[in-house]
Amino acid sequence: MIYSYFKKTTFCEEKNVNSTNSNPMTLVDDHRETNHFDSHQKKILRADNVPSFPIERDPGKHKMIWEHPIEKQDELRRAYWNVGPYRVDPPESRDGIGRKFLTSWYVLFSDWLEYSPSKNAAFCLPCYLFSTPSSRTNPFVVGRFKAWKKVGGVHCVFLTHQGLGPNSLHKMAVQKCRDMMNSSQHIDKILVRQSAEVKAKNRLKLRVSIEAVRFCAFQGIAFRGHNESVESQNRGNFLELVKHTSAFNDEVAAVVLENAPQNASYVSPLIQKALLFIYASKVQEFIRSEIGGEKFCIIVDESRDESGKEQVAIILRFVDKKGFVRERFFDIVNVDDTKASTLKQTICKVLSYH
């Protein structure tokens with residue numbers, strides 16, 4: 001149904017379309033469009049480019065683009081650019097020196113030239129779409145160009161309007177129209193695409209770090225090295241394992257260690273401890289599921305490390321579902337002293353968490 005608004009029809013057919021179609025998109029048109037259509041005007045109007053209000057096709061009758069609400073301007077621009085420049089047969093009447101608008105100009109300037117029968121003037125569609133209040137001096141925006149004798153020759157007004165360089169106002173407006181319709185290059189789409197690439201790289205870096213933490217924890221080896229600088233020949237088990245992994249995969253090598261952003265390398269001691277805490281939580285959850293709702297015993301052992309801090313190791317002893325006696329190391333916590341009340345409070349705190 002929507003294509004009936006833009007196909008070439010007779011005047012009577014347009015009246016029937018406007019009277020029977022209930023689509024909110026309305027093209028106000030009191031003249032027959034000419035047969036001088038180019039490929040630009042044969043674009044299919046997508047549903048997401050249909051404005052929610054009527055638009056005036058005659059460039060001599062519509063409001064300036066900046067007079068519309070700012071949230072509706074892009075919607076209008078897409079709709080006008082999709083249907084293309086307004087092309088109608090000019091009237092037979094001529095100016096004082098016997099000249100009139102020629103339909104052959106539609107072919108020569110097919111991507112922008114349009115004609116208003118109400119003002120008997122030529123307009124530029126791209127310049128109108130991206131006009132501003134300062135564009136009031138542009139005759140092809142406000143519809144003051146009627147000097148047909150100036151069209152043609154070396155100093156053709158239409159060619160002068162287009163400009164020679166790529167930075168002319170007209171060519172910049174045309175480029176803005178093309179950029180507007182190229183939705184894949186819109187900033188929101190680019191940000192989404194870049195965001196997806198960044199997420200993929202971050203996940204790859206994090207996966208390498210997770211595997212390195214899992215290997216070191218499972219083997220019970222130290223993570224840190226005495227010298228973890230770039231110049232060091234042995235940066236510690238964790239960093240050396242990440243480096244070793246990158247040697248077999250170019251995709252990994254491109255995103256880890258020195259090739260990673262300094263604020264998102266995922267190899268710092270803080271990240272290592274965070275990953276270890278996650279693994280420890282998973283192990284504790286598994287031990288908790290092994291015990292289930294059965295009874296268990298608690299074995300507590302206290303020791304003091306080299307820094308003088310008191311540490312308490314908590315071991316759980318229980319019979320599993322298969323009847324075997326199991327002893328699982330559950331947690332180790334720092335305590336201020338080894339009094340019975342302190343140990344009881346610490347044990348209750350640890351067990352209540354799980």
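How many residues does helix α7 have, and how far does the helix reach from its first C-alpha to its last? In this predicted model, α7 (residues 169-181) has 13 residues and reaches 19 Å. The expected value is 18 Å, at 1.5 Å a residue; the expected span is 1.5 Å times one less than the number of residues. Helices (H or I, at least four residues) and strands (E, at least two) are DSSP runs, numbered from the N terminus.

Residues are numbered from 1 along each chain as its sequence is written. The model is predicted, so local features need pLDDT of at least 70, side-chain atom pairs count only at pLDDT 80 or more, totals for chains, interfaces and linings use all residues, and side-chain values use heavy atoms, with hydrogens and water left out.

The buried residues of α7 are H170, A173, V174, C177, M180 and M181. Buried means under 20% relative accessible area, exposed over 50%, and partly exposed in between (1.4 Å probe, protein chains only). Viewed down the axis of α7, these buried residues fall within an arc of 125°, so they line one face of the helix. The arc is taken from the directions from the helix axis to the C-beta atoms. Their cover includes α2 (70-83), β4 (121-124), α4 (125-129) and α6 (157-162). Contact means heavy atoms within 4.5 Å.

Aromatic pairs were then searched for. The whole structure holds 17. Rings of Phe, Tyr and Trp (its six-membered ring) pair if their centres lie within 6.5 Å; planes under 30 degrees apart count as stacked, over 60 as edge-to-face and the rest as tilted. The ring centres of F145 and F158 are 5.7 Å apart and the planes stand at 55°, so this pair is tilted. F145 lies in the loop between α5 (139-142) and α6, and F158 in helix α6, so the pair ties together parts that are 13 residues apart in sequence. F145 is buried at 6% relative accessibility. F158 is buried at 0%. Ring pairs also link F101, W105, Y106, F109, W112, Y115, F140, F145, W148 and F158 into a cluster. Elsewhere, R77 lies over the face of F130, 4.7 Å from the ring centre. Such a charge has NZ of Lys or CZ of Arg within 6 Å of the ring centre and within 35 degrees of the ring normal.

Strand β5 (residues 297-304) runs antiparallel to β6 (residues 310-319), joined by eight bridges. Two strands pair if DSSP finds at least two bridges between them. C297 has R317 of β6 as its bridge partner. I298 stands opposite L316. β6 also pairs with β7 (residues 325-335), in the antiparallel sense, over ten bridges. Here V312 stands opposite V333. The β5-β6 hairpin has five residues between its strands, and G308 takes a positive phi near 90°. The β6-β7 hairpin has five residues between its strands, with G323 at a positive phi near 90°. Seven of the ten residues of β6 are buried, so this strand is largely enclosed by the rest of the structure.

Q284 is placed in helix α11 (residues 269-291). Q284 is buried, at 9% relative accessibility. Residues up to four places away in sequence aside, Q284 touches F330, D331 and H354.
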